[in-house]
Amino acid sequence: MTAPLTILGTGHAGYTLAKEWRRLMPDAPLRLITRDDGANYYKPNISKAFASGKNAQDLVVGAATQMAEQLKAEVLVHTEATRIVADEHRIEASDQRYPYSKLVLAVGAQPIRVPIDGNAAGAVHTVNDREDYARFRDGLHPGAHVLVIGAGLVGSEFTNDLAASGYRITVVDPMAWPLSRLLPEACGRALEAALTALGVDWRWGCTVKSLETRGGPIGATLSDGSSVQVDRVLSAVGLRPRLELARTAGIACEKGIVVDDFLQTSSPEIYALGDCIQIDGGVLPFILPIAHASRALAQTLSGKPVRAVFPAMPVIVKTPACSTLVCPPSAFNGSWEVQGTAPDLAALYTDADGKPTGFALTGAAVAEKRGEYTKLMPPVHAPQA
C-alpha cells in the first residue's frame, strides 16, 4: 500500500493545504495528525467571539469526522507527534509509527510567556486556539475585570472584543501606544482613543511584575509600582513558531522552520507552511500567506513543482471601534508620512531610498486608500524561476 501524504496539524494551514491538494489528487491517500480534536474553525474569529456571542463550540464549522469524510482522509485526533524519522519516512506519535510518502509540517506557533512572580502566575491565560478560548471564557462573569498583557495585534483585538462586550479592561504594555511595532504614533493614538471611549484603562511603559491572590480577585503589581485588582489575566505578548519537532529531526531552524521557494525544508520530502515557517529570513504570522502557500505547495506535492509567491498582504486588525489596516514594511529603515485627521489617517512608510514599503490606515481611510496604497507595495516574496 502506498504511504499517504501526511500533514501534521489541522489548523487553518493544515486543512487549507489538504483541500487544495485533494482537488488535484482526488484519490491519493491522505493522513492528518493533530494534537487537538481536529475541529475545523477559522482561527481569526476567536478574537471577535465575545462580541459575536459565540462559545468555543459555536466556532466549529466541521468536526474531525466531517473533515475526514470531506477530504477522503484519515484524521488522527489527540495524537501528539513526538519524532520524525526522516531517513525511514515515518512519524512516531502516541506510541505508534506512521509511514509517509511526503510530510508537511503545519504545526503553527505557540504563545510567548513572559516571567511573572507571585502565587497567581499560573492563572495567566493565553488564547491561541479554540480550546484555549474555552478555558478563558469559562466562568468569566459579565462585567468582569480583565487584565490584558500586551497591546499588539492580538492584545488589541481582544481588548476591543471584550470591552465592546461589557467587560472592564486594563491593558499593560511597555511601549507607548497600541500596535506600536506596526503603526506610527498618530494611527496608534487614534486606535487608543477609540478603545478608551469603550472604557479601556491603559498602563503604558510598564510590565506585570507579580500576580497574587487569596482565592478572590487577582492583585497585579506593575513595574512602575502601581497595582490593579482584576478577575482574569490574558497574556497576548506574541507567538513563537513551534520548532521542537523539526529541530530534533535535524531540520534547519532559525526564527522558524527554514524553507525554500518550494516550501521544502532542509530534509528531502519534508515541507512546511503557516506560522511555523521562515522564508527569506522572515516569518509570516498572518492568515493571508497560508492561501498563497497552500495553492503553490499543493501543486508541488502533486508532482508539478511551483514556487510560492507572496504578494503584498495587508492585515485587517479586528478592532471595529477604529477600523485599522496595516501592511508592515519588511524593515524599518525609513520614515512614516501621515495624512488626514484622526481617526481617518493614511500613513505611508518609505525606506531610505524613498520607496514605499509599508502603510497603515485607520477610520475612513481604510476604505478610501486601501487599493491605492496596496498597489504601491513590493511583494513579500517573489522568487525568480
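Start by selecting Arg-135 and Asp-132: they are three residues apart in helix 4 (residues 130-137), so about one helical turn separates them. Helices here are DSSP runs of H or I with at least four residues, strands are E runs of at least two, and both are numbered from the N terminus. An α-helix has 3.6 residues a turn, so residues three or four places apart point the same way. The side chains of Arg-135 and Asp-132 join in a salt bridge, with N to O at 2.6 Å. For a salt bridge, a side-chain nitrogen of Lys or Arg must be within 4 Å of a carboxyl oxygen of Asp or Glu. Asp-132 is buried, its relative accessible area being 11%. Buried stands for under 20% relative accessible area, exposed for over 50%, and partly exposed for what is in between, using a 1.4 Å probe and protein chains only.

Before moving on, a word about the model. It is a predicted one, where local features need pLDDT of at least 70 and side-chain atom pairs count only at pLDDT 80 or more, while totals for chains, interfaces and linings use all residues. Residues are numbered from 1 along each chain as its sequence is written, and side-chain values use heavy atoms, with hydrogens and water left out.

**Next stop: a salt-bridge network**

How many salt bridges does the structure hold? There are 17. For a linked group of them, select Arg-83, Glu-88, Arg-90, Glu-92 and Arg-97, which form a network. Centre the view on Glu-92, which is buried at 16% relative accessible area. Its side chain meets that of Arg-83 in a salt bridge of 3.2 Å, N to O. Glu-92 also has a salt bridge with Arg-97, where the closest N and O atoms are 4.0 Å apart. Arg-83 is partly exposed at 43% relative accessibility, and Arg-97 is exposed at 60%.

Now select Asp-173, in strand 12 (residues 168-173). Setting aside neighbours within four places in sequence, the residues in contact with Asp-173 (heavy atoms within 4.5 Å) include Gly-150, Gly-152, Arg-203 and Trp-204.

Select strand 26 (residues 344-350) next. Five of its seven residues are buried, so the rest of the structure largely encloses strand 26. On one pairing, strand 25 (residues 335-341) runs antiparallel to strand 26, with seven bridges between them; strands count as paired if DSSP finds at least two bridges. Here Gln-339 has Ala-346 of strand 26 as its bridge partner. These two strands make a hairpin with two residues between them.

Then follow the chain to strand 27 (residues 356-362), which is antiparallel to strand 26 and joined to it by five bridges. Ala-347 has Ala-360 in strand 27 as its bridge partner. This hairpin has five residues between its strands, and Gly-354 in the turn has a positive phi of about 85 degrees.

Another sheet to display has three strands in the order 19-21-22; it is open and its pairing is mixed. Strand 19 (257-258) and strand 22 (282-283) are the edges, each pairing on one side only. Strand 21 (residues 277-279) pairs with strand 22 in the antiparallel sense over two bridges. Look for Gln-278, which stands opposite Val-283 in strand 22.

Finally, select Ala-106, in the loop between strand 9 (103-105) and strand 10 (109-111). Is Ala-106 buried or exposed? Its relative accessibility is 9%, so Ala-106 counts as buried. Beyond its neighbours within four places in sequence, Ala-106 is in contact with Ile-7, Leu-8, Gly-9, Ala-13, Gly-14 and Leu-273.

From there, highlight helix 1 (residues 12-24). Its buried residues include Ala-13, Gly-14, Tyr-15 and Trp-21. The 13 residues of helix 1 should span 18 Å at 1.5 Å a residue, and the end C-alpha atoms are 19 Å apart, which agrees. That expected span is 1.5 Å times one less than the number of residues.
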